[in-house]
Amino acid sequence: SRLANIEKDKNGHLYNRKSDFRVEYSILEELEHSMTVSRKTEKAKILQQLSKIQNNVKRLQQQLKDVKPTPEFVDKLKEMMEEVENAINAFKEEQRQIYEQLLKEEKTVINELSVFERKVEQWALGSSTTEKVLKLSSARLSADKTLGSHLPAEVVEFERFLQRTGGRQGGWDDYDHQNFLKVRTKHKGRLSYMDEALEYLCGRTKEDIEQHDKWYQEFLILHERKKESIKKWKEKQRQEKEGNLKEKAEKMLKEAWLQREEAQKQKAAEERKRQQAAIEAWKKQKAVAFAMEQASQLKLEEEKEKKQQKERQRQCHMKLLLERYTLQKKEKEELEKLEKEKREEAEKEERKRIAAEEITKFQER
């Protein structure tokens with residue numbers, strides 16, 4: 001009931017002949033009609049396959065009602081069962097492949113919808129973003145007038161290039177520009193990235209991407225020049241600063257040398273005291289170590305005596321175990337001989353029983 005109501009509302013809104021977008025919606029209507037026909041065809045095909053499998057199963061059931069214990073009948077039943085199993089497995093495999101393909105298509109559609117949703121959000125925020133960009137551009141122009149005389153020519157050229165071409169994204173929104181960079185970096189700037197870029201950049205044509213790529217190459221060149229220029233400018237500032245600091249550094253170095261000499265004298269005196277204390281501690285440690293060594297030697301002798309006593313006890317115990325093992329081995333051999341005779345007799349009886357139950361098992365299957 002809900003499905004019928006939803007389809008009724010859809011037909012009323014989309015496929016109404018009075019709609020202003022009738023021409024655009026007619027394409028959607030034709031697509032839906034073709035997909036409905038395809039769905040009905042697929043349903044009929046599946047029902048036909050299932051009917052065939054069902055008939056084979058019924059035929060097999062009919063044969064099992066009148067079982068004949070002959071090799072020819074058994075082979076015939078086995079052939080029929082294999083035919084049914086193969087048909088079922090083939091049907092499952094075909095449906096699994098169709099299902100996997102549908103999952104891939106669903107994932108692609110979800111990604112495309114996500115891209116369009118983000119584009120719509122970017123368009124909604126477009127007006128406020130444009131005002132901010134205009135304010136920043138006017139501020140940069142006023143700053144360039146005041147700082148242009150103090151900055152390197154490459155820096156000024158780079159900033160003017162950004163103002164002229166729409167900022168650090170070349171006039172594109174942040175979402176499209178980041179997707180462009182991701183695909184271009186993945187392909188390392190080769191032209192092979194163009195087809196994949198068209199999938200990510202919905203609403204952008206191949207000419208748009210080629211134009212943006214040219215802008216980005218020029219952006220990288222000017223940006224590299226700017227970096228080199230700033231590096232040279234900083235190096236020049238550093239050299240001038242080092243010239244001013246050189247005299248101060250020499251003075252500080254002389255003072256540091258005097259302080260270090262005084263510190264070395266104090267350190268030498270402390271070192272002599274430390275060595276004297278270390279000698280005293282070494283003597284005490286030596287005496288303690290000698291006493292511990294004597295105690296350890298005595299303990300080793302006691303442990304050696306205990307080990308010898310344990311070894312004598314172990315040898316006596318091993319002798320008793322060996323005698324017990326010999327007796328048990330003889331008893332085990334007699335038992336094994338008796339069990340072997342019983343087992344051979346049981347195997348003969350088992351083979352007779354299996355032969356009698358073979359036909360019953362097949363009927364139960």
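Visitor: Is Phe219 buried or exposed, and what is its relative accessible area?

Guide: This is a predicted model, in which local features need pLDDT of at least 70, side-chain atom pairs count only at pLDDT 80 or more, and totals for chains, interfaces and linings use all residues. Residues are numbered from 1 along each chain as its sequence is written, and side-chain values use heavy atoms, without hydrogens and water. Buried means under 20% relative accessible area, exposed over 50%, and partly exposed in between (1.4 Å probe, protein chains only). Phe219 is therefore buried, at 9%.

Visitor: How are the rings of Trp215 and Phe219 arranged?

Guide: Rings of Phe, Tyr and Trp (its six-membered ring) pair if their centres lie within 6.5 Å; planes under 30 degrees apart count as stacked, over 60 as edge-to-face and the rest as tilted. The centres of Trp215 and Phe219 are 5.3 Å apart and their planes are at 25°, so the pair is stacked.

Visitor: Which helices hold Phe161 and Trp215?

Guide: Helices are DSSP runs (H or I, at least four residues), numbered from the N terminus. Phe161 and Trp215, 54 residues apart, link distant parts of the chain. Phe161 lies in helix H5 (residues 153-165) and Trp215 in helix H8 (residues 206-364).

Visitor: Which residues do ring pairs link into a cluster?

Guide: The count comes to 6 aromatic pairs. Ring pairs link into a cluster Phe158, Phe161, Phe180, Trp215, Tyr216 and Phe219.

How values were computed: Helices (H or I, at least four residues) and strands (E, at least two) are DSSP runs, numbered from the N terminus.
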